[in-house]
Amino acid sequence: MTPKKKIIVVLKGYPRLSETFIAQELLGLERAGFDLALVALRRPTDKKRHPVHDEIRASVHYLPEYLHEEPLRVLRALVKARRLPGFRAAWHTFLKDFRRDFTRNRVRRLGQAAVLAAEWPERGEWLHAHFIHTPASVTQYASLMTGIPWTCSAHAKDIWTSPDWELAGKLTQNRWTVTCTKSGYEHLKTLANGHGAFPGKVDTGFPPGNAPESRVGAVHLSYHGLDLDRFGVNTTPRPARDGSNPADPVTILSVGRAVPKKGYDILLKALARLPADLHWRFEHIGSGPEIAPMKALASELGISERTDWRGALDQKDVLAAYRKNDLFALACRITADGDRDGLPNVLVEASSQNLPCISTSISGVPELIINGENGLLVEPENPEQLAVALEKAIRDPGLRQRLGEAAETRVRAHFDHHASIRQLAGLFEKEWEA
């Protein structure tokens, strides 16, 4: 068996409450026998952390978030990095990128890459970036400087808010990229093929079979899946509430960062449209810059007394919320700058607990939720449609039970994260056998 190389994983921030799917993957790779070193572009800002973060053994190395905050460290790194045989290639690639992206952010990525190359984690033999925007820029420059190959996991915002020229350039320089939704996969595949990154077929299978032969610029579809050992079967029956009893309202849950792409303004407007004779409560879990505007909007709409803002919680408390509520709602949207969710992990988590979900038909959401079979989907930016779906689910506990059971069955059959770990491990191992 080919020995496993130590992988340096470049992350935007670590640990982060909103990125349990990444932590879950890191732990899965460690359990599969991979040796990891984590490199983050910024330090954590969350006050809490999930239990999974405490189980990951990999060392964590923080690069300077802003170059001016650690000028001597950056200067020493640049002096050392300039002696590397690939520094000239990295410099030319940076200049080409800088002409198209004339920003301080671009300069910062080169400086961070130099620090990474100069302070190289011991025995690091492979680079892997999580997110194809800024972490991949640092990884790409560091790879050129050191001659160490790199690969990438692309997700959602990083794909859809990055210019095509930048994505195509990274696809032509890395060994392969995995992404977690079919829509993201199709976009990256088109860019790679359109720029001659690689010939022939591209792997699209899920669940994965044998890992395909890796090649420069290959793109693979790999759903994150869920660690079902942490999200065991919910054996507690849900009450058959129908919204008719003011003392026993139907409870609606949403989990997500308060940012525009989550569509919380749409969800609040939909809740405000529900008939006056319908009794419900709404609970939100998460933090983010839009919390204050959300609270103000709830007050303006006259639904503040029916809403609970619980803030950021760890995974155990979130799991308890999935189990005690009656319905899950998330009004995903595509923002003006192209930002959007891929397949929100919270929908997979909620579904695993037989909690019926209502969401919108964008990105990877329809890859999990089939409208009317294991959840309800409406058009984005449409509070009227969302209100109709919410009322339908609130009034009909039998429908909620049927949708929830079908959702759990689908997740447990097709979204077990062990399958994605096997696929990712196979891709790495195939490279090292070459």
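1. Two strands are taken to pair if DSSP finds at least two bridges between them. Helices (H or I, at least four residues) and strands (E, at least two) are DSSP runs, numbered from the N terminus. On this basis β8 and β9 pair in the parallel sense over 6 bridges, and the bridge partner of S254 in β9 is H284.

2. The basis of the note is as follows. The model is predicted, so that local features need pLDDT of at least 70 and side-chain atom pairs count only at pLDDT 80 or more, whereas totals for chains, interfaces and linings use all residues. Residues are numbered from 1 along each chain as its sequence is written, and side-chain values use heavy atoms, with hydrogens and water left out.

3. Strands β8 and β9 belong to an open sheet of 6 strands with parallel pairing, in the order β10-β9-β8-β11-β12-β13. Its edge strands, β10 (307-309) and β13 (376-378), each pair on one side only. Neighbouring strands of this sheet are turned by 20° against each other on average, direction ignored; axes are lines fitted to C-alpha atoms, for helices over the stretch in contact, and angles run from 0 to 180 degrees between N-to-C directions. Strand β9 (residues 280-285) also pairs with β10 in the parallel sense, over 3 bridges, and F282 has T307 as its bridge partner in β10.

4. Helix α10 (residues 264-272) touches β8 (250-255), β9, β10 and β11 (327-329), and its direction makes about 170° with that of β9. Helix α13 (residues 345-352) touches β8, β11 and β12 (357-360), with its direction at about 160° to that of β12.

5. How many of the residues of β8 are buried? Buried means under 20% relative accessible area, exposed over 50%, and partly exposed in between (1.4 Å probe, protein chains only). In β8, 6 of the 6 residues are buried, so the strand is largely enclosed by the rest of the structure. V250, I252 and S254 point one way from β8, and T251, L253 and V255 point the other way.

6. Helix α10 contributes the buried residues Y264, I266, L267, L268, A270 and L271. The elements covering the buried residues of α10 include β8, β9, α11 (291-301), β10, β11 and α15 (383-395). Leaving aside neighbours within four places in sequence, L271 is in contact with I252, W280, F282, I303 and L390.

7. A nonpolar core is a set of buried Ala, Val, Leu, Ile, Met, Phe, Trp, Tyr and Cys residues joined through side-chain atoms within 4.5 Å. The largest such core has 101 residues, of which M145, L271, Y322, F328 and L390 touch the most other members. Helix α5 (residues 104-118) supplies the largest share of this core, 7 residues. A second, separate core of 28 residues includes L27, A218, L424 and W432.

8. The other sheet to be noted is an open one of 7 strands with parallel pairing, in the order β3-β2-β1-β4-β5-β6-β7. At its edges stand β3 (59-62) and β7 (218-221), each with a single partner strand, so one side of each is left without a neighbour in the sheet. Strands β5 (residues 150-154) and β6 (residues 176-179) run parallel and are joined by 3 bridges; the bridge partner of A154 in β6 is T179. Helix α1 lies across β1 (6-13), β2, β4 (124-130) and β5, running at about 160° to β2.

9. Rings of Phe, Tyr and Trp (its six-membered ring) pair if their centres lie within 6.5 Å; planes under 30 degrees apart count as stacked, over 60 as edge-to-face and the rest as tilted. The structure holds 13 aromatic pairs. The rings of F34 and W432 have centres 5.8 Å apart and planes at 55°, so this pair is tilted. F34 lies in the loop between α1 (20-31) and β2 (36-42) and W432 in helix α17 (residues 417-433), so the pair ties together parts that are 398 residues apart in sequence. Both F34 and W432 are buried. The rings of F428 and W432 have centres 5.8 Å apart and planes at 20°, so that pair is stacked.

10. A charge sits over a ring if NZ of Lys or CZ of Arg is within 6 Å of the ring centre and within 35 degrees of the ring normal. K4 lies over the face of F34, at 5.2 Å from the ring centre, and R340 lies over the face of W160, at 4.0 Å from the ring centre.

Note on methods: Contact means heavy atoms within 4.5 Å.
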